Amino acid sequence: MSAPVLLRATGVGKRFGAVVAAADITLAITVGQRVSLIGSNGAGKTTFVNMITGYLKPDEGSIVLDERDITALSPRAITRLGVARSFQIPQLCADLTVLDNMLVATACHGQTLSFWQPARTPAAVARADDLLARFKLSEHRERRVAELPGGVRKLLDIAMALTGEPKLLLLDEPTSGVSAEEKFPMMDIVMTALGQHAMTVLFVEHDMDIVERYADRVVAFYAGRVIADDVPAVALATDDVRRYVTGGPELQAAHARH
Ligand SMILES: Nc1ncnc2c1ncn2[C@@H]1O[C@H](COP(=O)(O)OP(=O)(O)OP(=O)(O)O)[C@@H](O)[C@H]1O
Ligand SMILES: [Mg+2]
């Protein structure tokens with residue numbers, strides 16, 4: 001029996017003035033899949049992620065999570081239903097320690113952050129320590145975020161996204177800003193930690209080495225449209241993906257400028 005569908009987008013469209021950021025996007029992601037979303041700059045990847053989280057509303061079409069239509073729901077309601085994300089630039093409190101960032105994230109998800117319900121409960125600390133261990137962050141527990149290298153911040157941002165025990169994790173360019181030496185060790189840690197959670201993941205990625213190694217499915221966008229949707233070896237070999245995403249010196253130069 002095939003895995004159940006967790007997320008289903010049907011005919012999703014979004015325009016910003018004359019720009020078509022999404023056009024008739026239809027796809028279903030099953031429980032446990034690792035889907036990489038690829039596409040050149042401006043292809044509509046972040047827009048699609050933002051529509052899943054409710055931060056942007058589609059002009060047309062629907063998005064269903066676990067058989068529940070979330071198209072019109074608020075970001076907060078969608079988070080509560082089990083969608084979490086990390087950002088292209090990690091959203092962390094630089095002056096707080098790693099542990100305190102985790103506790104703030106836990107409290108926000110549990111909606112218990114208030115003066116009379118402190119975030120530093122033994123249960124919250126134990127849960128944070130468990131996630132920190134999974135993400136190999138325990139040694140940084142008491143360090144201020146401002147002192148941490150880029151790769152460690154990225155790991156923390158993703159660990160924080162998991163404090164709410166989501167069903168679907170959206171990662172927007174997890175390896176952007178991470179050095180070539182750091183990127184594979186970092187993604188090994190992320191994917192091992194997510195494997196322990198049997199997490200369904202949609203990750204936006206520009207680095208095809210990362211896509212080939214960690215995705216079990218690739219969805220490619222161009223001008224807001226799906227131009228390929230298959231296992232990595234097949235999707236990355238299609239003419240459209242070579243032409244509009246990975247190939248050509250002009251495209252690579254454009255990526256380098258970005
Ligand atoms: N809030 C907005 N207002 C106006 N135009 C927008 C807005 N957000 C995105 N766009 C436009 O929509 C298109 C898709 O943008 P999007 O950020 O989704 O691309 P992307 O694939 O994530 O690109 P990148 O690889 O550069 O992150 C682009 O042309 C972009 O300029
Ligand atoms: Mg983007």
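Which element gives the most to the lining of the largest pocket, and with how many residues?

Modeller: This is a predicted model, in which local features need pLDDT of at least 70 and side-chain atom pairs count only at pLDDT 80 or more, while totals for chains, interfaces and linings use all residues, and side-chain values use heavy atoms, with hydrogens and water left out. Residues are numbered from 1 along each chain as its sequence is written, and chains are lettered from A and ligands numbered from 1 in the order in which they are written.

The element you ask about is α3, which gives the most to the lining, with six residues. A pocket here is an open set of points, on a 1 Å grid over the protein atoms alone, where a 1.4 Å probe fits and protein lies on both sides within 12 Å along at least five of seven lines; lining residues have an atom within 4 Å of a point. The largest pocket has a volume of about 800 Å³, a volume being the space filled by probe spheres set on the points. Its lining holds 28 residues, and those nearest its centre are T79, R85, F87, C108 and H109. At least two lining residues come from each of α1 (45-53), α2 (75-80), β6 (83-86), α3 (98-110) and α5 (150-161), where helices are DSSP runs (H or I) of at least four residues and strands (E) of at least two. By class, the lining divides into 13 nonpolar, ten polar and five charged residues.

Turning to ligand 1, there are 15 residues around it, and G42, G44, K45, T46 and T47 come nearest; a residue belongs here if one of its heavy atoms lies within 4 Å. This shell takes at least two residues from each of β2 (19-30) and α1, and α1 gives the most, with three. Its classes are four nonpolar, nine polar and two charged residues.

Terms used: Nonpolar A, V, L, I, M, F, W, Y, C, P; charged D, E, K, R; others polar.
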